[in-house]
Amino acid sequence: MNLFNDIRALVLQQLTALQGQGQLPAGLEFGAVAVEPPRDDAHGDMATNAAMVLAKPAGMAPRAIAEALAARLMLDPRVALAEVAGPGFLNLTLRPVVWQGVVAGAVALGADYGRSDLGRGARVNVEFVSANPTGPMHVGHVRGAVFGDALARLLAFTGHRVTREYYINDGGAQVDVLARSAYERYREAHGLSPEIAEGLYPGDYLVPVGQALREKYGDNLLDQGEQVWLAEVRDFATDAMMVMIRADLALLGVQMDVYSSEKALYGTGKIEAALAALEALGLIYVGVLEPPKGKTPEDWEPREQTLFRSTLYGDDVDRPVRKSDGGWTYFAPDIAYHYDKVQRGFDALINVFGADHGGYVKRLKAVVSALSQGRVPVDIKLMQLVKLWKGGQPFKMSKRAGTFVTLRDVIELVGPDVTRFVMLTRKNDAALDFDFDKVVEQSKDNPVFYVQYANARINSVLRKAAEAGIAVADADLMAANLKRLQHPAELEVARKIAEWPRLVEIAAKSNEPHRIAFYLYEIASDFHGLWNRGNDDPALRFVQEGDPATSAAKIALARAVGVVISAGLGILGVTPVEEMH
RNA sequence: GCACCCAUAGCUCAGCUGGAUAGAGCGUUGCCCUCCGAAGGCAAAGGUCGCACGUUCGAAUCGUGCUGGGUGCGCCA
């Protein structure tokens, strides 16, 4: 159910009819015809650009098309007024019955209102978080985690089959560092003083890992060389880190469908196979790169390397897949990993990365494009930084000192719902301020509170109505005589409800869950506005003393707003509250 | 030096993949409320959409070139 699609269908139907009558030439392409809410309320409820986009191909004046179309649209019972404006806009004013129908439809569909089959069952892989398994998740990871999960929910809501996936970087040098750090804690568990050398991970989250190592290995690993224990300790420690990370994600309400391991790609021939596929396309060669411009590394010297020809796809330089010591670069297993995703049959890939991975985008897109013969699109969302504030001061974290703000810290301070909502109040490519004081403030300046408060008020209406003996189950509200909803202020709210399915589709098409958060703020604002008018004008209150029929209609409107807020919060992964405390 | 991202009201930011007179919150100013339909309400002022060309019926939105800020730039992940 999407009113804008309905009206667009009506416009197209009438355009076709005009062609049938010879008032419009045949063979016109209607793809560019749009039906949208106008910015200015004075321009009616909906506007179509049909006349303007068709004027040129039809060889007619836009106003002539608009007038012919207007005459036909006026015959539809939903249309109260169709008037030509400006350069050829056609503004439509719809009858109240349309808005009453929106309310009824929203209540009837409940949690499914706004759901669409936009994706037509396409299989989409959303890879996000993918934090290195070397420690607990910190606040820098939270935004990507929330974004990826909300995006996954949004896509699922719009008819995509979504897989949430985490790529574990357990194959590089950083997990060796983890192993050495854990080994020191293992020594510590034996009463020896740990030697946390420069470059090792100093965090005390490894203390229990050291103890667990002691329980498992006793003193067998003490005073042994790395060659004895490194591999085992590494596996043990990364497993422990992943347990911790999963627990952190669970605190946020994030559940991955698939965890893929980088390490598991080594020795399976998958990396070799992926590179062979690229080589067959002529995209792999051995060559020498130019020194990087700007800042030349001091130890730079020309070396022959195995390179991927990413410059063919607009990258600055070709990218090495092998180190000079013959080992794979990080890029090589990542190529195999993305080849694997393509082979698993996904129709689209989405990667959520930190903004510092911007330089990686082109080569990754190039690889997927090449390995899927252009079949699988990749959208890479780069998450900008989160700046923390507390008490009016920037809240600094120092990775070097091992004092960083963990995901757990944030959740304990403000809870998962506030965290999730606030992280989604900015588009992904803009930096975000997260102020620990402001996000828990109970005022209209705080969007989380404002939206939750609207929902709480709606629940309060339902409770009070039930106490007054009015039947407020959805089935009862659907049966209400919605013709009693006539006041412009009420129809205005219904209009906002009508925009929900359209907004969801726009957000999904652009992979931008933040639009949901902004919409929720707007509809909450409209609802609070109506509520406030009820203070002055008793006719606008939801519960009308002694008039259960009118009450039911007004309560249905409130319930419809509640349906949308619940659905929207559901996409953001935020629990709607029923009462404020 | 090159690539990518950003630039909109005093501040923080939206802006419907090209629509009409560019919006919201904060802040400012003025009025109202402070009778739990509590955790404020109404209204006003405030703009060269970084700059300049271009594309077209029409540009904050698309293209090119600048300016300013952020990120990244062989054998890290």
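Biologist: How do strand 11 and strand 12 pair, and over how many bridges?
Modeller: In this predicted model, strand 11, which covers residues 348-354, pairs with strand 12 in the parallel sense, and six bridges are found between the two. As one position along that pairing, phenylalanine 353 stands opposite leucine 382 of strand 12.

Biologist: Which helix packs on the sheet there?
Modeller: That is helix 11, residues 361-371, which touches both strand 11 and strand 12, and whose direction makes about 160 degrees with that of strand 12.

Biologist: OK, and the sheet itself, what's the strand order?
Modeller: The sheet is open and is formed by five strands in the order 7-6-5-11-12, with parallel pairing. Strand 7 (258-261) and strand 12 (378-383) stand at the edges, and because each has a single partner strand, one side of each is left without a neighbour in the sheet. On average, and with direction ignored, neighbouring strands of this sheet are turned by 25 degrees against each other.

Biologist: Is strand 5 mostly covered or mostly open?
Modeller: Strand 5, residues 123-127, is mostly covered, since four of its five residues are buried. Its pairing with strand 6, residues 161-168, is parallel and runs over five bridges, and within that pairing glutamate 127 has glutamate 165 of strand 6 as its bridge partner.

Biologist: Switching topic: what's the order in the four-stranded sheet, and how do the strands pair?
Modeller: This open sheet of four strands has the order 1-2-4-3, and the pairing is antiparallel. Strand 1 (35-36) and strand 3 (79-85) stand at its edges with a single partner strand each, so one side of each is left without a neighbour in the sheet. Strand 3 is joined by six bridges to strand 4, residues 89-94, and the two run antiparallel; glutamate 83 has asparagine 91 in strand 4 as its bridge partner.

Biologist: What about helix 13 and helix 17, at what angle do they pack?
Modeller: Helix 13 (residues 447-467) and helix 17 (residues 548-572) pack at an angle of about 145 degrees, with their axes 10 Å apart, and their crossing is left-handed.

Biologist: Which residues make that contact?
Modeller: From helix 13 the contact takes Val451, Ala454, Asn455, Ile458, Val461, Leu462 and Ala465, and from helix 17 it takes Ser551, Ile555, Ala558, Arg559, Val561, Gly562 and Ile565. Sorted by class, the contact has ten nonpolar, three polar and one charged residues.

Biologist: And the largest nonpolar core, which residues touch the most other members?
Modeller: That core has 162 residues, and those touching the most other members are Val103, Ile497, Ile555, Ala556, Val561 and Val564. Helix 17 contributes the largest share of the core, 15 residues. As for valine 564, if residues up to four places away in sequence are not counted, it touches Ala106, Tyr113, Ile497, Trp500 and Ile523.

Biologist: Where does tyrosine 205 sit?
Modeller: Tyrosine 205 is in the loop between helix 6 (173-189) and helix 7 (207-217), and it is partly exposed because 16 other C-beta atoms lie within 10 Å. Not counting residues up to four places away in sequence, tyrosine 205 touches Gly135 and Pro136. The C-alpha atoms of tyrosine 205 and glycine 135 are separated by 7.3 Å, although the two residues are 70 residues apart along the chain.

Biologist: Last one, how many helices and strands does chain A have?
Modeller: Chain A comes to 17 helices and 15 strands, and its C-alpha trace spans about 85 × 60 × 40 Å along the principal axes. Of its 581 residues, 40% count as buried. Among contacts in chain A with a separation of 6 or more, 73% are between residues 24 or more positions apart.

How values were computed:
Residues numbered from 1 in each chain as written. Chains lettered and ligands numbered in written order. Predicted model: local features only at pLDDT ≥ 70, side-chain atom pairs only at ≥ 80, totals over all residues. Axes fitted to C-alpha atoms, helices over the stretch in contact; angles between N-to-C directions. Left-handed = near helix turned anticlockwise from the far one by under 90°. Contact = placed C-beta atoms within 7 Å. Nonpolar A, V, L, I, M, F, W, Y, C, P; charged D, E, K, R; others polar. Buried ≥ 20, exposed ≤ 12 C-beta atoms within 10 Å, placed from the backbone. Pairing = 2+ DSSP bridges. Core = buried A, V, L, I, M, F, W, Y, C linked by C-beta atoms within 7 Å.
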